[in-house]
Amino acid sequence: MTGHVLELFHRIADPPSAVARRYVVDYALEDRVRFRNVAFPEAEAAWRELGGHSTPALWDGEHLHQGAEAVVARLQAVVNLGRDT
């Protein structure tokens, strides 16, 4: 890690968001991923500012990966490569 935390924008009742949250927990990435519930105005504003239109969405400091498949693929890179880029 280069010091920044990945941000996972999600909705509690959204099944695809649950897939992404479960991946974070199953692979013990809680220290690398900050959960941001878009039900809260601050999180929603940040997500929208980054171009967010669907959840889950993962901000890695450069790109917003949207949709469960894209988010999990990005998180797999963190796990498999041991890096966040």
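This is a predicted model: local features need pLDDT of at least 70, side-chain atom pairs count only at pLDDT 80 or more; totals for chains, interfaces and linings use all residues.
User: Why are helices H1 and H3 called roughly parallel?

Analyst: The axes of H1, residues 15–26, and H3, residues 68–81, cross at roughly 10° and come within 9 Å. Since angles under 35 degrees count as roughly parallel, H1 is therefore described as roughly parallel to H3.

User: Which residues of H1 and H3 meet, and how do they divide by class?

Analyst: From H1 come Pro16, Val19, Ala20, Tyr23 and Val24, and they meet Ala68, Val71, Val72, Leu75, Gln76 and Val79 of H3. By class, this contact has 10 nonpolar residues, one polar residue and no charged residues.

User: Where is Gly67, and what does Gly67 touch?

Analyst: Gly67 sits in the loop between strand S4 (64–66) and H3, and, when residues up to four places away in sequence are not counted, Gly67 touches Ser54 and Pro56. The C-alpha atoms of Gly67 and Pro16 are separated by 7.2 Å, although these residues are 51 residues apart along the chain.

User: What makes Glu7 count as buried?

Analyst: Glu7, which lies in strand S1 (residues 6–10), has a relative accessibility of 16%; because buried means under 20%, Glu7 counts as buried.

User: How do you know that the side chains of Glu7 and Arg36 are joined by a polar contact?

Analyst: The contact between the two side chains is 2.4 Å, and the cut-off for such a pair of N or O atoms is within 3.5 Å. Apart from neighbours within four places in sequence, Glu7 is in contact with Arg34, Arg36, Ala57, Leu58 and Trp59.

Technical notes
Residues are numbered from 1 along each chain as its sequence is written. Side-chain values use heavy atoms; hydrogens and water are left out. Axes are lines fitted to C-alpha atoms, for helices over the stretch in contact, and angles run from 0 to 180 degrees between N-to-C directions. Helices (H or I, at least four residues) and strands (E, at least two) are DSSP runs, numbered from the N terminus. Angles under 35 degrees count as roughly parallel, over 145 as roughly antiparallel, 65 to 115 as roughly perpendicular and the rest as oblique. Contact means heavy atoms within 4.5 Å. Ala, Val, Leu, Ile, Met, Phe, Trp, Tyr, Cys and Pro count as nonpolar, Asp, Glu, Lys and Arg as charged, and the others, Gly among them, as polar. Buried means under 20% relative accessible area, exposed over 50%, partly exposed in between (1.4 Å probe, protein chains only). A polar contact is a pair of N or O atoms within 3.5 Å; within protein, one must be able to donate a hydrogen and the other to accept it, and residues adjacent in sequence count only if both atoms are side-chain atoms.
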